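Here is a friendly walk through one protein model. Please have the sequence and the 3D view open as you read.

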Amino acid sequence: MDITQERAESQDLPFNVFAKACPSRGTLEHVTGRWGGLTLGALYEGSLRFNELRRRVDGVSEKMLSQTLHALERDGLVHREAQPTNPPRVDYELTVLGREVAERLLSLIHCVEGRMDDVLAARERYDGTRGTL
């Protein structure tokens with residue numbers, strides 16, 4: 001399906017992430033996927049170059065970070081600024097929309113981090129009743 005068809009079909013649909021054909025589902029996947037969420041969270045602190053971002057998002061491969069940034073840029077959440085220097089300098093930063101999404105995502109991240117003692121205790125109870133590790 002090309003972009004024109006995708007836009008035409010999306011205008012006929014209410015934006016409902018629970019509907020299979022809704023375009024918001026893809027954006028939600030980009031934002032909430034492991035690397036998308038971490039990338040948005042890292043960029044909330046400010047503009048970063050690719051390698052700075054890769055170091056900040058520990059464990060992401062160069063390929064996955066590149067794919068993630070492309071998807072987030074396409075969705076209008078990340079802005080890529082290429083400077084014509086030698087060697088080329090490329091900076092990534094959140095757009096206004098990306099900043100709004102990242103703020104909400106960071107609330108969730110902080111909630112999870114703050115409740116990890118409860119999560120770890122729940123895992124221990126679960127594993128203890130099922131004999132798993």
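The report below goes from the overall layout to the sheet, the core and the helix contacts.

## About the model

This is a predicted model, in which local features need pLDDT of at least 70 and side-chain atom pairs count only at pLDDT 80 or more, while totals for chains, interfaces and linings use all residues. Residues are numbered from 1 along each chain as its sequence is written, and side-chain values use heavy atoms, with hydrogens and water left out.

## Overall layout

The protein chain has seven helices and three strands. Both kinds of element are DSSP runs numbered from the N terminus, with helices (H or I) of at least four residues and strands (E) of at least two. Starting at the N terminus, their order is α-α-α-β-α-α-β-β-α-α.

Of the 133 residues in the protein chain, 24% count as buried; buried means under 20% relative accessible area, exposed means over 50%, and partly exposed lies in between, with a 1.4 Å probe and protein chains only. Looking at contacts (heavy atoms within 4.5 Å) between residues at least 6 apart in sequence, 42% join residues at least 24 apart.

## The sheet and its hairpin

The three strands form an open sheet in the order S1-S3-S2, with antiparallel pairing; two strands pair if DSSP finds at least two bridges between them. Strand S1 (48-49) and strand S2 (78-83) are at the edges with a single partner strand each, so one side of each has no neighbour in the sheet. Helix H3 (residues 34-43) packs on this sheet and touches S1, S2 and S3, its direction making about 95 degrees with that of S3. Such angles run from 0 to 180 degrees between N-to-C directions, and axes are lines fitted to C-alpha atoms, for helices over the stretch in contact.

S2 and strand S3 (residues 89-94) run antiparallel and are joined by six bridges. His 79 stands opposite Glu 93 in S3, and Glu 81 has Asp 91 of S3 as its bridge partner. A hairpin of five residues links S2 to S3. Pro 87 is found in this loop, and the peptide bond from Asn 86 to Pro 87 is cis, with omega near 0 degrees.

## The nonpolar core

Which residues have the most contacts inside the largest nonpolar core? They are Leu 40, Leu 43, Leu 53, Leu 69, Val 78 and Tyr 92, in a core of 20 residues. A nonpolar core here is a set of buried Ala, Val, Leu, Ile, Met, Phe, Trp, Tyr and Cys residues joined through side-chain atoms within 4.5 Å. H3, helix H4 (50-56), helix H5 (62-74), S3 and helix H6 (96-114) each supply at least two residues of this core, and H3 gives the most, with four.

Val 78 touches several residues beyond four places away in sequence, including Leu 40, Leu 43, Leu 69, Leu 72 and Tyr 92. Leu 94, in strand S3, counts as buried at 11% relative accessibility. Beyond its sequence neighbours up to four places away, Leu 94 touches residues including Leu 40, Leu 43, Val 78 and Ala 102. Leu 94 and Leu 40 are 54 residues apart along the chain, yet their C-alpha atoms are separated by 7.4 Å.

## Helix H3 and its partners

The axes of H3 and H6 come within 9 Å and cross at roughly 105 degrees. That makes the two helices, H3 and H6, roughly perpendicular; under 35 degrees counts as roughly parallel, over 145 as roughly antiparallel, 65 to 115 as roughly perpendicular and the rest as oblique. Gly 37, Leu 40 and Gly 41 of H3 make the contact with Val 101, Ala 102, Leu 105, Leu 106 and Ile 109 of H6. By class, the contact of H3 with H6 has six nonpolar, two polar and no charged residues. Ala, Val, Leu, Ile, Met, Phe, Trp, Tyr, Cys and Pro count as nonpolar, Asp, Glu, Lys and Arg as charged, and the others, Gly among them, as polar.

H3 and H5 have axes that come within 10 Å and cross at roughly 75 degrees, which makes H3 roughly perpendicular to H5. Here Trp 35, Gly 36, Thr 39, Leu 40 and Leu 43 in H3 meet Met 64, Leu 65, Thr 68, Leu 69 and Leu 72 in H5. The contact of H3 with H5 has seven nonpolar, three polar and no charged residues.

Apart from neighbours within four places in sequence, Thr 39 is in contact with Leu 53, Val 57, Leu 65, Thr 68, Leu 69 and Leu 72.
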